[in-house]
Amino acid sequence: RLRIVPGDGEAWVTGSYQYPSGALPLKIDKRGGRVTITQDYDVTGLGGLFRYTPRFDLALGKAKPYALTLEAGASDCAIDLGGIPLKELTVRQGAGRVELDFSTPNPQEMVHLLVNSGAVGLQMKNLGNAGFAEMTFEGGAASYKFEFGGVLKRDARAKISTSMAPVEIRIPSTTAARVIENTVLASLDLGDGFMKKSGAFLTEAAWAGKTPVLTIQANISLGSLALRSVQ
């Protein structure tokens, strides 16, 4: 289990790691301006490998901008990156469950948000607060929910590509957004609050010509796409 919250102090990362059996000891590698936190393997403790659930509880600092990469296999992740000055974010998740939230705006302009997931039940919230210029999501057979709430401060583009999965995209009606859907053997469930123009579905704010504009390209194969405009 991985839990990440915004930190309050000057430290880059603080927190704890719990795994009583000793089969997966913590390893921290600090080189130059990079810190890597991983689980190592101790063959002498492998007998108790499956009797315990490893737990990371981490707080990330806000003192300066940085790039963050999260890589996990089968895990349960609750991540709040609100207010953390991220210039890049990469998430690679093999299986399990992920809830990723930007509860408050990113004070740093994020160049790219990249998510690659396998059999993962994933929910991303307040993506408008992430501050990304480009977002790329690639997913397999699972279920995905994307909620673009928050404050959109500049034009942004998001590309969401999935196969054999239900996808739900929720966008505030006050956010100017264009959704370009490309479905292959997949169903489209279009909620109220969208108007079609030039091959794209527009929110009320986009229809009225407001800016900045969020452009979402949804490539959905053998699954379903639900679009929702929310107050």
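Colleague: What makes you say that K197 lies over the face of W207?

Modeller: K197 is placed 5.9 Å from the ring centre of W207 and lies over its face; a charge sits over a ring if NZ of Lys or CZ of Arg is within 6 Å of the ring centre and within 35 degrees of the ring normal. Please bear in mind that this is a predicted model, in which local features need pLDDT of at least 70 and side-chain atom pairs count only at pLDDT 80 or more, while totals for chains, interfaces and linings use all residues. Residues are numbered from 1 along each chain as its sequence is written, and side-chain values use heavy atoms, with hydrogens and water left out.

Colleague: Which charged end sits over the ring of W12?

Modeller: That of K64, which is 5.4 Å from the centre of the ring.

Colleague: How many aromatic pairs does a search of the whole structure find, and why is the pair of W12 and Y66 called edge-to-face?

Modeller: The search finds five aromatic pairs. Rings of Phe, Tyr and Trp (its six-membered ring) pair if their centres lie within 6.5 Å, and planes under 30 degrees apart count as stacked, over 60 as edge-to-face and the rest as tilted. The centres of the W12 and Y66 rings are 5.5 Å apart with their planes at 75 degrees, so this pair is edge-to-face. The pair links distant parts of the chain, 54 residues apart, since W12 belongs to the loop between β1 (2-6) and β2 (13-18) and Y66 to strand β6 (residues 66-80); strands (E, at least two residues) are DSSP runs, numbered from the N terminus.

Colleague: Why is W12 called partly exposed, and what does Y66 count as?

Modeller: Buried means under 20% relative accessible area, exposed over 50%, and partly exposed in between (1.4 Å probe, protein chains only). W12 has 29% relative accessibility and therefore counts as partly exposed, whereas Y66, at 6%, counts as buried.

Colleague: What makes F137 and Y144 an edge-to-face pair?

Modeller: Their ring centres are 4.8 Å apart and their planes stand at 70 degrees, so the edge-to-face label applies. F137 is buried, with a relative accessible area of 0%, and Y144 counts as buried at 1%. Together with F146, F137 and Y144 form one aromatic cluster.

Colleague: How much of the protein is made up of buried residues?

Modeller: Buried residues account for 41% of the 231 residues.

How values were computed. Helix = DSSP H or I, 4+ residues; strand = E, 2+ residues; numbered from the N terminus.
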